[in-house]
Amino acid sequence: KLHQNYPNPFNPNTIINYELQITGYISLTLFDVTGKQIRIIEDGLRNSGSHEISFDAAGLPSGNYFYELRSGDFSVVKKMTLVR
């Protein structure tokens, strides 16, 4: 499960929480509104349970972004707004 980032809108830091039912390889990726990959936020093997990431958007312009969590066949996307 991928939770909505908090706060949203944010400047320049936000928290992203997600939960895994089983241990597995995950990828948490940031995209712009055109679908261009901007940054890999987190990538690798993670244990089951709750996880929290502090994301620093320093250097990114204001706007809407999407973050996607992938794990195995599972994929979910949420929207975030950066306001400068």
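Which residues does H3 touch, not counting residues up to four places away in sequence? The answer is N17, Y18, E19, Y67 and K78, where touching, or contact, means heavy atoms within 4.5 Å.

## Before we start

This is a predicted model, in which local features need pLDDT of at least 70 and side-chain atom pairs count only at pLDDT 80 or more, while totals for chains, interfaces and linings use all residues. Residues are numbered from 1 along each chain as its sequence is written, and side-chain values use heavy atoms, with hydrogens and water left out.

## The segment before strand 1

H3 lies in the segment before strand 1. Strands here are DSSP runs (E, at least two residues), numbered from the N terminus, and helices would be runs of H or I with at least four residues. H3 has a relative accessible area of 24%, so it is partly exposed; the scale calls a residue buried under 20% relative accessible area, exposed over 50%, and partly exposed in between (1.4 Å probe, protein chains only). Although H3 and K78 are 75 residues apart along the chain, their C-alpha atoms are separated by 7.9 Å. The side chain of H3 also makes a polar contact with the side chain of E19, at 2.7 Å. A polar contact is a pair of N or O atoms within 3.5 Å; within protein, one must be able to donate a hydrogen and the other to accept it, and residues adjacent in sequence count only if both atoms are side-chain atoms.

Now for the peptide bonds. Most peptide bonds are trans. The bond from N8 to P9 is cis, with omega near 5°, and the bond from N11 to P12 is cis too, with omega near -20°. P9 is found in the segment before strand 1 (13-20), and P12 also has its place in the segment before strand 1.

## A buried threonine

T14 is found in strand 1. Is T14 buried or exposed? With a relative accessible area of 1%, T14 is buried. Its side chain reaches the backbone oxygen of Y6 at 3.1 Å. Leaving aside neighbours within four places in sequence, T14 is in contact with N5, Y6, P7, I53, S54 and F55.

## The nonpolar core

A nonpolar core is a set of buried Ala, Val, Leu, Ile, Met, Phe, Trp, Tyr and Cys residues joined through side-chain atoms within 4.5 Å. The largest one here has 18 residues, and I16, L28, L30, I41, F55, Y67 and M80 touch the most other members. Two or more residues of this core come from each of strand 1, strand 2 (24-32), strand 4 (49-56), strand 5 (63-71) and strand 6 (74-82).

## Links between strands

F31 is found in strand 2. F31 and F66 are 35 residues apart in sequence, yet 5.1 Å apart in space, C-alpha to C-alpha. Setting aside neighbours within four places in sequence, the contacts of F31 are K36, Q37, I38, Y65, F66 and E68.

S71 has its place in strand 5. Its relative accessibility is 18%, so S71 counts as buried. A polar atom of the S71 side chain lies 3.4 Å from the backbone oxygen of Y25. Not counting residues up to four places away in sequence, S71 touches L20, Y25 and I26.

G63 lies in strand 5. With a relative accessible area of 24%, G63 is partly exposed. Its C-alpha atom is separated by 28 Å from that of S50, 13 residues apart along the chain, while G63 touches M80, T81 and L82, not counting residues up to four places away in sequence.

## An exposed loop residue

N47 is found in the loop between strand 3 (37-46) and strand 4. At 54% relative accessibility, N47 counts as exposed. Leaving aside neighbours within four places in sequence, N47 is in contact with L20 and T23.
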